[in-house]
Amino acid sequence: MRGLHPWHVLRRPLGPQAHANDPECGQRPVPALSHHGSQRVVLLQTATLLGVLLLGYGYFWLLVPNPEARLQQLGLFCSVFTISMYLSPLADLAKVIQTKSTQCLSYPLTIATLLTSASWCLYGFRLRDPYIMVSNFPGIVTSFIRFWLFWKYPQEQDRNYWLLQT
């Protein structure tokens, strides 16, 4: 019965890690989730955000009987989450300025964020929907801030790539 205990399942290697001691595979064991504190923190944060999301939906469907008021409050709720999503890359802003390096920023993600948020803003403008326009406008602003950081602190080519080129 030891193999069916939940804590034992978290420590058991999955997939290719099960063959970690096989020299022909050339793989090293990967510690299980229960051994990494940082992964537990991320899991706890994700579970907390999902809980907030479920509480929000429960509130809208159970405590707000008026469909028009429910729609207005749901729009505000979703706008807050969208704005926080667009502002989250700015958490690395201090690190980029201190190190004078944009290695922790993704240039393709910045382009995708700009195009997506601009498209949604134009769509919201066309519909005259302030929830769509206002919640996606920070994506445009933060994209331009990241473009400025890429211009000010250009990414350096990784030395390993230079060594591999012939």
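1. The largest pocket has a lining of 14 residues, and Gly75, Cys78, Asp129, Tyr131 and Ile132 are the ones nearest its centre. A pocket here is an open set of points on a 1 Å grid over the protein atoms alone, where a 1.4 Å probe fits, with protein on both sides within 12 Å along at least five of seven lines; lining residues have an atom within 4 Å of a point. Helix H3 (67–87), H5 and H6 each give two or more residues to this lining. Helices are DSSP runs of H or I with at least four residues, numbered from the N terminus.

2. The model is predicted, so local features need pLDDT of at least 70 and side-chain atom pairs count only at pLDDT 80 or more, while totals for chains, interfaces and linings use all residues. Residues are numbered from 1 along each chain as its sequence is written, and side-chain values use heavy atoms, without hydrogens or water.

3. H3 supplies seven residues, the largest share of the pocket lining. By class, the lining holds six nonpolar, seven polar and one charged residues. Ala, Val, Leu, Ile, Met, Phe, Trp, Tyr, Cys and Pro count as nonpolar, Asp, Glu, Lys and Arg as charged, and the others, including Gly, as polar.

4. Lys100, in the loop between helix H4 (93–99) and helix H5 (107–127), is not a glycine, yet has a positive phi of about 50 degrees. Its relative accessibility is 56%, so Lys100 counts as exposed (over 50% relative accessible area, 1.4 Å probe, protein chains only).

5. Arg128 occupies the loop between H5 and helix H6 (130–152). Arg128 likewise is not a glycine and has a positive phi, of about 60 degrees. Arg128 is exposed, at 69% relative accessible area.

Terms used. Buried means under 20% relative accessible area, exposed over 50%, partly exposed in between (1.4 Å probe, protein chains only).
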